[in-house]
Amino acid sequence: MESLDLQMAIDLASAQMEDDPNPIIFKRLSEKLHIRTINDLKKESLAIHNMVISCIGFPAGVPEEYIETMSFLLEKLKDFVMEENPVPDALEADKSSIKHRSPVIPDDFRCPISLELMKDPVIVSTGQTYERSCIQKWLDAGHKTCPKTQQTLLHTALTPNYVLKSLIALWCESNGVELPKKQGNCRNKRTGIGGSDCDRAAIDALLQKLANGTIEQQRAAAGEIRLLAKRNADNRVCIAEAGAIPLLVELLSSSDQRTQEHAVTALLNLSINEANKGTIVNAGAIPDIVDVLKNGSIEARENAAATLFSLSVLDENKVAIGAAGAIPPLIDLLCQGTPRGKKDAATAIFNLLIYQGNKVRAVRARIVPPLMRLLKDPGGGMVDEALAILAILASHQEGKVAIGQAEPITTLIEVIKTGSPRNRENAAAIIWSLYTGDSQYLKVASELGAEEALKELSENGTDRAKRKARNVLELLQRAEDVIE
């Protein structure tokens, strides 16, 4: 979350928001995050587990969804690492010997009812986790309380504990323990989607409250759906097929601020599923999401920006989102949001600007001045994002003119001298786009010391940066020849 690398931010978002992301994304993430082997994965998994356990839940200030996201990404990275670096036979032999050592099962991995290793952990309304088949039998027997705390259950929905399930799977793999197979006769029978882990009856009950409940009931139900949609792919499919999306879209206009926040965040979580993106757009959500982006609370605005990014993964939606007026409020969030909000806005803007028409909208909404302010403020943590957006704007004539009017050359030369490899590359690309065929700007660039910085970049930059630097140096040389 603290990364200043826009490409990594986009890769992380794509890894979460696409059901089957391109393996190249995971290759980049594996390198960037230094998670290249199974041992790397084990260390990360253990660190997350220890953090959660030591805090008796979730660390202060860290939303539950962040922990779930980390666990989800580790699971995806595990699949990639296993394909890239298959476990050698020697390690397989070690695993076989481990199986005979009967490792002690951590208490946190045991079901409080059966005391056995959990294979399908679920959370009840009190926050306690149980093996699904065990707690279901408890509920089916007519009990209305939590077995561990004896508190009355507010509802009987069982939410898969995705974090714990991933941790158990990694622990089993590390210790050579084979995770028990799920017993079909112990599973609660579901209606609707075959093989889904979601509780369709509980979801239907939540949708009834969304449609006909009081404000308080709608708020609570939207919050439950928000969490359910975050937890796993099964829930996202089940919730959408139950008809939640149109109801959530209606709640985007709710007068209750918290309900609105839950609704837009639930749509964000549901949009991770590729098919749901189309359903959300077809339900007429884009104008309402843009309205939340303009007028909602800061949390709602940030999540609205993230939702627009998720929807804009489909090219046809880039056009609709831009036409709905999303770019000006995204620029406002880029200027005035929290650090997280600024990054959400920057990622959404970057993705929308892939469509040429949105570049024009952004320029006419005066995006360049705030980008230049961000670029000149290294302490603000948005230099990477500002450069990436300026680089994509500079490929369009109106964008090129607007950037040139901001007189960016001094700042760009400073980036080339002192910036990160990716930032130096983007700065060179902007200079190349701005000054191609413009002898006046080239003269200014030369006077400000661009040549020395570009020569160094042409020798030590990334491959793309070297090409751009050499191209600009050729232009500078030609300009000098003309002057002579």
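Buried, in this talk, means under 20% relative accessible area, with exposed over 50% and partly exposed in between, using a 1.4 Å probe on protein chains only. At 3% relative accessibility, C172 therefore counts as buried.

This is a predicted model, in which local features need pLDDT of at least 70 and side-chain atom pairs count only at pLDDT 80 or more, while totals for chains, interfaces and linings use all residues. Residues are numbered from 1 along each chain as its sequence is written, and side-chain values use heavy atoms, with hydrogens and water left out.

First, the overall picture. The protein chain has 484 residues, and 51% of them are buried. It contains 27 helices and three strands; helices (H or I, at least four residues) and strands (E, at least two) are DSSP runs, numbered from the N terminus. Taking contact as heavy atoms within 4.5 Å, residues 24 or more positions apart account for 67% of the contacts with a separation of 6 or more.

Next, the cysteines. A disulfide is a pair of cysteine sulfur atoms within 2.5 Å, and a search of the whole structure finds zero. C134 is in no disulfide, and its nearest cysteine sulfur, that of C111, is 4.2 Å away. C134 counts as buried because its relative accessibility is 18%.

Now helix α7, residues 162-175. How many of the 14 residues of α7 are buried? The count is 10, so α7 is largely enclosed by the rest of the structure. Among the buried ones are Y162, L167, W171 and C172. The expected span of a helix is 1.5 Å times one less than its number of residues. For the 14 residues of α7 that gives 20 Å, and the end C-alpha atoms are 20 Å apart, which agrees. At the N-terminal end, N161 caps α7, with a side-chain oxygen 3.1 Å from the backbone nitrogen of L164. Just after α7, G176 takes a positive phi of about 65 degrees.

On to helix α15, residues 298-311, where T307 is found. T307 counts as buried because its relative accessibility is 0%. Beyond its neighbours within four places in sequence, T307 is in contact with V264, L267, L268 and I289.

Last, a helix pair. Helix α22 (residues 397-405) and helix α24 (residues 421-435) pack at about 105 degrees, with axes 10 Å apart. Axes are lines fitted to C-alpha atoms, for helices over the stretch in contact, and angles run from 0 to 180 degrees between N-to-C directions. Angles of 65 to 115 degrees count as roughly perpendicular, under 35 as roughly parallel, over 145 as roughly antiparallel and the rest as oblique. α22 and α24 are therefore roughly perpendicular to each other. K400, I403 and G404 of α22 make the contact with I430, S433 and L434 of α24.

Notes:
A polar contact is a pair of N or O atoms within 3.5 Å; within protein, one must be able to donate a hydrogen and the other to accept it, and residues adjacent in sequence count only if both atoms are side-chain atoms.
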